Amino acid sequence: MATVDIYRLVKRYGAEEVIHGIDLAIRDGEFISLIGASGCGKSTLLRMIAGLEDISGGTISIDGREVNDVAPKNRDIAMVFQNYALYPHLSVADNMGFSLKLRDVPKPEISRAVKEAADLLGLTPYLDRMPKALSGGQRQRVAMGRAIVRKPRVFLFDEPLSNLDAKLRVQMRAEIKALQRRLGTTSIYVTHDQIEAMTMSDRIVILNGGRVEQVGAPLDLYDRPANLFVATFIGSPAMNLIDATTRRDGEQLFAETDEGVRMPLENHAVAEGTAVTIGVRPEHLALADVATPGALRIAIDLIEPTGHESHVFGRLGRHPLIVTHSGRVAETTSAGVIVAPGGVHVFDRSSGRRIDAPAASEGSEKR
Ligand SMILES: Nc1ncnc2c1ncn2[C@@H]1O[C@H](COP(=O)(O)OP(=O)(O)OP(=O)(O)O)[C@@H](O)[C@H]1O
Ligand SMILES: [Mg+2]
């Protein structure tokens with residue numbers, strides 16, 4: 001087990017800088033996910049931790065010791081890749097024991113380590129098979145087993161589940177998480193699947209163009225996104241965004257759209273007349289009778305039933321708006337919507353930064 005400390009980390013390929021000075025302190029035993037759009041630098045960051053990419057600036061330390069110039073094999077790290085990278089001509093047992101064999105570990109010790117990992121992963125019946133005779137999920141487990149037998153201080157995963165079908169992914173993510181809990185090994189997990197990140201992680205790092213947008217516990221990111229990027233990245237369907245200007249009417253602060261639609265705010269720390277973007281998650285909008293006091297009237301374009309809930313695609317004036325309704329919705333062309341108390345997020349439109357209501361202004365927000 002180990003801590004991993006990343007300090008002002010920079011990566012350049014030739015003249016092009018792709019990682020722009022990242023700071024990140026990963027705790028001992030933590031399961032942390034790196035997520036972000038394609039090309040944002042997730043794999044590059046992971047490969048730098050593994051020692052597979054040179055560091056252009058800053059430092060990486062494992063358990064307090066700088067490893068910038070330590071060779072990959074001496075970093076005591078095991079990496080699980082998307083394509084598993086199994087040796088096709090070696091049996092499951094030999095694949096799992098290969099790294100120990102390279103290190104001249106005595107044969108009985110290798111067999112013991114392989115047997116232990118196979119038991120843990122449900123691979124015991126398959127030890128003599130070749131990789132081509134395994135299902136995708138079983139191959140994935142062999143790749144995990146190969147990482148486990150080394151008893152590394154840190155596991156690195158680069159989209160290990162993306163080659164599996166949806167159902168198997170759900171099963172494997174639960175297995176990996178349970179295994180990590182049991183072993184307690186610090187794990188850094190790259191994915192572009194936000195549900196994977198939300199369900200598996202102690203904390204999530206959201207990357208955007210080689211920079212960290214926010215680091216936090218999954219539900220903190222969901223409940224208190226630090227900026228518009230995080231607000232729209234986490235959550236599906238995505239948070240509704242509406243441009244508005246703050247106005248005061250007596251004691252009450254409002255956000256008012258250019259079409260005159262008003263949404264009450266909770267004394268957010270924002271001056272009157274500020275250009276803001278209002279964010280409301282689809283599940284914080286409830287369908288209601290148009291005549292309900294405080295209901296906003298929306299036009300409805302499309303209703304998508306998913307079974308347990310319905311996604312209602314509508315418009316508030318010009319602004320597209322999605323409402324998630326738990327249960328089924330009858331076909332209709334208009335409805336009222338009520339915003340749940342506390343369901344309004346306010347962002348400064350020019351900086352994109354979150355503006356907090358006073359009661360919620362302390363907390364775990366980081367940038
Ligand atoms: N060897 C290389 N030479 C030049 N540029 C590179 C090299 N490897 C990666 N890059 C660039 O660095 C940036 C980050 O790439 P990286 O592979 O880390 O993205 P990623 O977040 O893992 O994306 P994906 O989700 O598609 O795997 C990209 O703009 C990519 O084009
Ligand atoms: Mg990648």
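Helix axes are lines fitted to C-alpha atoms over the stretch in contact, and angles between them run from 0 to 180 degrees between N-to-C directions. Helices (H or I, at least four residues) and strands (E, at least two) are DSSP runs, numbered from the N terminus. This is a predicted model, in which local features need pLDDT of at least 70 and side-chain atom pairs count only at pLDDT 80 or more, while totals for chains, interfaces and linings use all residues. Residues are numbered from 1 along each chain as its sequence is written, chains are lettered from A and ligands numbered from 1 in the order in which they are written, and side-chain values use heavy atoms, with hydrogens and water left out.

**Whole chain**

Of its 367 residues, 50% are buried (under 20% relative accessible area; exposed is over 50% and partly exposed in between, with a 1.4 Å probe and protein chains only). Contact means heavy atoms within 4.5 Å. Among contacts between residues at least 6 apart in sequence, 67% join residues at least 24 apart.

**The largest nonpolar core**

A nonpolar core is a set of buried Ala, Val, Leu, Ile, Met, Phe, Trp, Tyr and Cys residues joined through side-chain atoms within 4.5 Å. Select Met96, Leu123, Val142, Met144, Phe157 and Ile176, which touch the most other members of the largest core, a set of 33 residues. At least two residues each come from β6 (77-80), α2 (92-102), α3 (107-121), α4 (136-148), β7 (154-158) and α5 (166-183). The biggest share, 6 residues, is from α3. A separate core of 30 residues includes Ile19, Ile32, Leu46 and Ala50.

Next, pick Val142. Beyond residues up to four places away in sequence, Val142 touches Leu86, Val92, Asn95, Met96, Leu123 and Leu134.

**α3 and α4**

Show α3 with α4. Their axes are 9 Å apart and the packing angle is about 140 degrees. α3 is therefore oblique to α4 (under 35 degrees is roughly parallel, over 145 roughly antiparallel, 65 to 115 roughly perpendicular, and the rest oblique). On the α3 side, select Ala117, Leu120 and Leu121; they meet Arg141, Met144, Gly145 and Ile148 in α4. This contact of α3 with α4 has 5 nonpolar residues, 1 polar and 1 charged (Ala, Val, Leu, Ile, Met, Phe, Trp, Tyr, Cys and Pro count as nonpolar, Asp, Glu, Lys and Arg as charged, and the others, Gly among them, as polar).

**α4 and α5**

α4 and α5 pack at about 20 degrees with axes 11 Å apart, so they are roughly parallel to each other. From α4, the contact takes Gly136, Gly137, Gln140, Arg141, Met144 and Ile148; from α5, Leu168, Gln171, Met172, Glu175, Ile176, Leu179 and Leu183.

Leaving aside neighbours within four places in sequence, Leu179 contacts Leu120, Leu121, Met144 and Ile148. Leu179 and Met144 are 35 residues apart in sequence, with their C-alpha atoms 9.8 Å apart.

**α2 and α3**

Finish with α2 and α3, whose axes come within 9 Å and cross at roughly 130 degrees. These helices are therefore oblique to each other. Ala93, Met96, Gly97, Leu100 and Lys101 of α2 make the contact with Ile110, Ala113, Val114, Ala117 and Ala118 of α3.
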